[in-house]
Amino acid sequence: MELICPECKNEIKIENPQDLKKGTILECNTCGITLEVTGVNDEKVDLEIIDEGK
Ligand SMILES: [Zn+2]
């Protein structure tokens, strides 16, 4: 599974995609924003930016 950061459009690597679920907090290594998973469907993950970083 790969996710695309909504801020910088770079790929966010998911180490344990099987652990991905609603409420999971992710950080983009490229731009540093923090994202929360707001929903997981079969191949699609909904993300919400909760911290735009520095
Ligand atoms: Zn990013």
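## What you are looking at

The structure is a predicted model, where local features need pLDDT of at least 70, side-chain atom pairs count only at pLDDT 80 or more, and totals for chains, interfaces and linings use all residues. Residues are numbered from 1 along each chain as its sequence is written.

The protein chain has a mean pLDDT of 90, and 98% of its residues reach 70 or more. Confidence is lowest in strand S1 (residues 2-4), with a mean of 86, and highest in S4, at 95.

## The whole chain

You'll find five strands in the protein chain and zero helices. Both kinds of element are DSSP runs numbered from the N terminus: helices are H or I with at least four residues, and strands are E with at least two. Along the sequence, the pattern reads β-β-β-β-β. The radius of gyration of the protein chain is 10 Å, close to the 10 Å from the globule rule for 54 residues, so the chain is as compact as a globular protein of that length. (That radius is taken over C-alpha atoms, and the rule is 2.2 Å times the number of residues to the power 0.38.)

The C-alpha atoms fill a box of roughly 30 × 15 × 15 Å along the principal axes. Of the 54 residues, 13% count as buried. Here, buried means 20 or more other C-beta atoms within 10 Å of the residue's own, exposed means 12 or fewer, and partly exposed is in between, with C-beta atoms placed from the backbone.

Strands S3 (residues 25-27) and S4 (residues 34-40) run antiparallel and are joined by three bridges; for two strands to pair, DSSP must find at least two bridges between them. Leu-26 has Leu-35 in S4 as its bridge partner. The hairpin of S3 and S4 has six residues between the strands, and Gly-32 in this hairpin takes a positive phi near 85°.

S4 also pairs with strand S5 (residues 45-51), in the antiparallel sense, over six bridges. This hairpin has four residues between its strands. Gly-39 has Asp-46 as its bridge partner in S5, while Val-40 has Val-45.

## Two residues up close

Which strand holds Val-37? Its place is in S4. Val-37 is partly exposed, because 17 other C-beta atoms lie within 10 Å. Leaving aside neighbours within four places in sequence, its contacts include Leu-20, Thr-24, Leu-26, Val-45 and Leu-47; being in contact means having C-beta atoms, placed from the backbone, within 7 Å. Val-37 and Thr-24 are 13 residues apart in sequence, yet 5.3 Å apart in space, C-alpha to C-alpha.

Now look at Glu-27, which lies in S3. Glu-27 is partly exposed, because it has 14 other C-beta atoms within 10 Å.

Conventions. pLDDT = per-residue confidence, 0-100. Contact = placed C-beta atoms within 7 Å.
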